[in-house]
Amino acid sequence: GDVGGEGGHWPSANLAASVALLGGRSNVIFRSATLGDTHGGGIVIGGSQDGVWVGAANISDVDFVGLGKFFYQAPALQFLMLQGWEGGLWRNSVVQRCVFSQSQSGAIEARGVHSLELTDNVFHRTYRTALWVTKESRPYGTTIRRNVAIETLRHPRESTTWWRPFAAYLLEVPAAVLAGNLAAGSADSGFVLRPSVEACQWSGQNIAAMAQEELNEAVGCMTGFFILKACDGACNGCAVLRGAVSWKSSHAGVITADQNAGVKLESLLLSDNHIGVTLGFYRPVGDMQHRVLARNITIFGSSPASTCDASIDCRAMGDSDKVGINCNSVLKSAFRRVGILAHMTGDKAKLCESNGELKVCRPPNTAVKECTMSWEDRVGVISSRYSEAVWKNVTFGHFRKNDCGRPSVAFTMNPTSVDLNYPHRFSGVRWLSSARNDSRLFLDIATGVWGNNADISWDDDGLLHLAAIDEDGSLLEDGQPGGTAISIANPELATRGCVARPGHFACARQKYRLLRWEAVDEVSHRVFSKFKAWRASDGRSTWSKGQHHDNCLMGEPRHERAWQVAPNDHYNLTMFTSPPQNHRLFYFNENPEPIRLDIFLTQPFRLEVYVDGALLGDAYDTAQAPDGPRYPRLNDAHGSFAFDPQERRFYLTMTGGTFGGRSTLLGGGFILLRLLQVVQLSLTMSILASQFDSKSVVQNIAILLQIDSSRIKIVSVQTRAQVAASRGRRLEGEVSNATSAENATSEEITGLIIHIVEKNPGPLPASAFGGALPASMYNESSAEKGSNATGDGNSTVEEAASSFSETGLLELKTIAKTIEVFASSEALSEALGVQVQAMVQVSDPTLPSAETTATSTTTTSTPTSTLTSTTATSTSPTSTLTLISSTSMSSTATALNTTIQTPTAATTSIIQTPTAATTSIIQTPTAA
């Protein structure tokens, strides 16, 4: 009857039984002598291996009864072209208006055929697959119209030690025409099909309503439509399923596993299935092209076609149940019906045609290992960096919380999707009154569900950062476009405008978009902590735990974290372990809406910022902004940054939209952060800004340490007024540098922080950009840009180690010890010409926490924790401490050759009478 009484995206939704005439219409009957004999007769239309002989047949109005040989896997009628479809002389074969009854090992098998038409045939009580077109046949060489397959069964003598998948229609190559066919009562799948591939985008408006004779229908099967992988290798097109009706499936109406393309679903009616749609993908790691597109979809839960007398428990194959006697879906008995189960991607394949572990792969959707089942169970570790599902013009009906004692829900997550769930976008949603408000979106943990490889828990990213985006206000039915439904299990993600509803928070006026952080090429056994994201607007924190191991196919998790974030807000990101050297950040927002990230670093580092592989220069450093040093703001350019060494925070503005013609949804504008090891020298002093010369500070420290001055950078200059105002902490908008301090000539400088970067940092590893940039962009731009520690972006990206340099760290530790020795001997203060208190720190990524090495300082009285070095002040302004440029570096104070003398052309003066030809750090006061 009509189960869509309120309308929807189908003018009428009718579920009805089909009738087929099985006998009394044929004058020619082929019948085995003894019905039920496993070794019946068979007919073969063949072709020789050399292609000289090629058979063809035109068979009409013939009955095939009890044919086929079970133990030989020989069907009733076989097209067997040994030479394959590419050789030989070809004629079209036709089978029409025939009846195949009680076939012992399939009804029709087409192997190597070039052209075959199958029209208006009936397959009844077929053991194994009724119609099998094998991979040796010509793609788009078969026309399959208006056939009926009733009761496709597992043979009673079939082995149950492993899965032996079958279907009413098993098509290993795409058909030229597949329309108007029915699969009813299959003990496995109704349709297992190789799809055609189209671009992953919609062209124009919705297609016109499809006629009944154009629709393929599966009813009363375990699985209605099983979509095989679309391409030989990973591809960025979409596998297409169009014009399908699937109802009363004991497991799933539409399913795919190991799909290596996207999926495009159009004009589907799914009703009374345990799961309406569940999609699993096998995609390359780091992929961002993957999409699921669906439009003109009607999904019903338990319609009047279902009663409480039957079909309460599902039936699905599992790890130890090779037949599907029990309910082995990932949902178990937690739900009676689910409309949409959120899709997953993985880096491992569970089916033999993609995995290759089985010596014999027949049929192609045979599982390779017990722990990979059921079909929708997680396998491997999440692979695609970004994916999304776009649901357009979807009708939901007949979902209720109490559905014969069990809940039913329109949309929920796969409970084995622990790593992350991708965004789902909805528009044009119609909720029939039979879709109750308490059974629409269930973004929570259901009791009694589990998988073989992962069980969702309360702190998993797959639960905490699940989001359904309401594009036009129809999903949440509040008329506000752009809102989001988020997990009810993560109240800290919700803002004040979010409203708690059954199974989810409805945030009608709040957008959320996905932010991802990645460590580049870190060793797999490295353990990173949870990563906290603290939202500045309301002080709420969410966490990212990262990926899980796959204990079935032994997948190693990658070091990645992800959060749903609200645009136009500030977020503090905190990792409680030492950071990796190279970080990647992706902000997947199609709109030009910014966020600012405040990244806490456990140790001092110098950072380089790359956008789409290009190194950003000082113009993006807001600590050197023309209007004065400050933190980056939301309205600053994408990639704008600043580093506050006292707070040990790196500030970064990211913006959505399009960069270089590439949307951020495809990775455009991604940011690479590179950490360089440094010695951080913190100096406390008292000096007027008018007497301060930053260039001379850098130059004379370089002479003192006998290193190149390009390695030294003053990263912070703090005045007494700033210290007093902030009580020792930096204020927003008051990140200072040497230039601004010199302009404020009357202020007293009380502190300097100086970074000495590691010597000759190695080139960036090629993997820093590989997979994040298109190959053309990587080859043309990224391969020409890399780190040279000076920010000019001219060095070359090579295959290089992505971890920190041990040699560089050793050299920095030596420099730190040398500075401590110079401080103890007063040489540091004498070199700078001012009384200083010094603290030295070295970034050491080998430490597990926030510790840093060489943090000790020395005093003149006792060589302990602090140093107050006093300069050797002369009574004459012409008497100065000079450093001979040829002085050799040593870790002991005795190696420093210092003299007190009148400056000459051969010496560099630290304190001297100011002249036009000299650069002073401290100048002798004059009346002027």
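User: Which residues lie nearest the centre of the largest cavity?

Analyst: A cavity is a set of points, on a 1 Å grid over the protein atoms alone, where a 1.4 Å probe fits but cannot get out; lining residues have an atom within 4 Å of a point. Here Q73, R128, T129, W132 and R362 lie nearest the centre, among 18 lining residues. This is a predicted model: local features need pLDDT of at least 70, side-chain atom pairs count only at pLDDT 80 or more, and totals for chains, interfaces and linings use all residues. Residues are numbered from 1 along each chain as its sequence is written, and side-chain values use heavy atoms, without hydrogens and water.

User: What volume does the largest cavity have?

Analyst: A volume is the space filled by probe spheres set on the points, with grid points joined across faces, edges and corners. The value is about 200 Å³, and for the second largest cavity it is about 120 Å³.

User: Which elements give two or more residues to the lining of the second largest cavity?

Analyst: Strands (E, at least two residues) are DSSP runs, numbered from the N terminus. The contributors are β22 (252–259), β24 (275–282) and β26 (337–346). Among the 16 lining residues, G280, F281, M344, D377 and V379 lie nearest the centre.

User: How do β22 and β24 pair?

Analyst: Strands of a sheet pair through backbone hydrogen bonds, either parallel or antiparallel. Two strands count as paired if DSSP finds at least two bridges between them. β22 and β24 are parallel over 5 bridges, and T256 stands opposite L279 in β24. Both strands belong to an open sheet of 12 strands, whose edges are β2 (43–47) and β30 (441–442).

Notes. On a 1 Å grid over the protein atoms alone, a cavity is a set of points where a 1.4 Å probe fits but cannot get out, and a pocket is an open set with protein on both sides within 12 Å along at least five of seven lines; lining residues have an atom within 4 Å of a point. Helices (H or I, at least four residues) and strands (E, at least two) are DSSP runs, numbered from the N terminus.
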